[in-house]
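Could you walk me through this structure in plain words? I am new to protein models and would like to know what to look at.

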Amino acid sequence: MSSNSIRILAGNSHPALAKLIAKRLGTDLANVTVSKYSNQETAVTIGESVRDEDVFIIQSGCGEINDHLMELLIMINACKTASARRITAVLPCFPYARQDKKDKSRAPISAKLVANMLTVAGADHVITMDLHASQIQGFFDRPVDNLYGEPSVLRYIRENIPDWKNAIIVSPDAGGAKRATSIADYLDLDFALIHKERKKANEVSRMVLVGDVKDKVAILVDDMADTCGTLGLAAKTLMENGASAVYAIVIHGVLSGKALDVINNSLLTRVVVTNTIPHAEKKKLCPKLDTIDVSAVLAEAIRRTHNGESVSYLFGHATI
């Protein structure tokens, strides 16, 4: 076991999750003050020694995402110059993960830029959850542990969805087919796919269902819900094809723009998101929202990393 101790630092993006993780590890958050000068520059003050310590900085890619990314970079660099032994950036939701490839002329690969910035700032290791594209791990020349929310999703389905044995797992697009088929296989359920055609980004023009959902509980699974237009249209398509109820389970609930109105006015029975992104205030406005707590998975990854144990245990379904 490592002789140095864990130091958990948190930025302003998701302090509630950071507190949950620290509590599960039986420690307190380190004393860190993150503020802004009047000219909007970010200022960081670490109020205790991190010399020769194993530092984990928790900052999710959400909210004021550019400010939070800058906070993270400055905190990493502050710990580096304060002689921390190892610095791990814990990003429950990786910022700019959807900009992972050059899909049109002169388009940037912003996820690669974020990886470069984290490395240059001084991060020795990255822990994240359900990357939008797993190849982002290859953007780093540092170790990256990409944890999965799938075991938590499976547990939620078994414990919270009535008549789940009469359900069908549905992917809202072709890109999520692998995730949906994996969940369907573990639950021994059928699988369906929705093909969607887009006019432009965040605007779906038409949906075609591939599979039979008649008289079944349809469970939509995806890695991210942003404006929720896709989920709303998917629920309408599934109900038109005879589904008895429609649930949506996503890992990262961005829920931007008119997402809450879309959910409230949709045919969705419930939308379940993990707490990689804070949404406590949004739950007050949207009674259909439910939460899966993934702090235990992140805390266990931190504990295993600190103790030099394998983290691959958390990648599969051994925790179910």
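The side chains of D141 and R142 meet in a salt bridge, with N and O 3.1 Å apart. A salt bridge here is a side-chain nitrogen of Lys or Arg within 4 Å of a carboxyl oxygen of Asp or Glu. Side chains of opposite charge can pair when their charged atoms come close. D141 counts as exposed because its relative accessibility is 61%, while R142, at 31%, counts as partly exposed. (Exposed means over 50% relative accessible area, buried under 20%, and partly exposed in between, using a 1.4 Å probe and protein chains only.)

Before we go on, keep in mind that this is a predicted model: local features need pLDDT of at least 70 and side-chain atom pairs count only at pLDDT 80 or more, while totals for chains, interfaces and linings use all residues. Residues are numbered from 1 along each chain as its sequence is written, and side-chain values use heavy atoms, leaving out hydrogens and water.

The structure holds 19 salt bridges. Another of them joins D293 to R24, whose closest N and O atoms are 3.3 Å apart. D293 sits in the loop between β14 (289-292) and α9 (295-307) and R24 in helix α1 (residues 15-24), so this pair ties together parts that are 269 residues apart in sequence. Helices (H or I, at least four residues) and strands (E, at least two) are DSSP runs, numbered from the N terminus. E309 and R303 also form a salt bridge, again with 3.3 Å between the closest N and O atoms. Through shared partners, salt bridges join E300, R303, R304 and E309 into one network.

Now turn to strand β12 (residues 245-253). Is it buried or exposed? Nine of its nine residues are buried, so β12 is largely enclosed by the rest of the structure. Strand β11 (residues 217-225) pairs with β12 in the parallel sense over eight bridges; two strands pair if DSSP finds at least two bridges between them. Within this pairing, V217 stands opposite A245. From β11 the chain crosses through helix α6 (residues 229-240) to β12, and this β-α-β crossover is right-handed: with the strands pointing away from the viewer, the path from the first strand over the helix to the second runs clockwise.

β12 also pairs in the parallel sense with strand β13 (residues 270-274), over four bridges. There, I249 has V272 in β13 as its bridge partner. Together with helix α7 (residues 259-264), β12 and β13 make a right-handed β-α-β unit.
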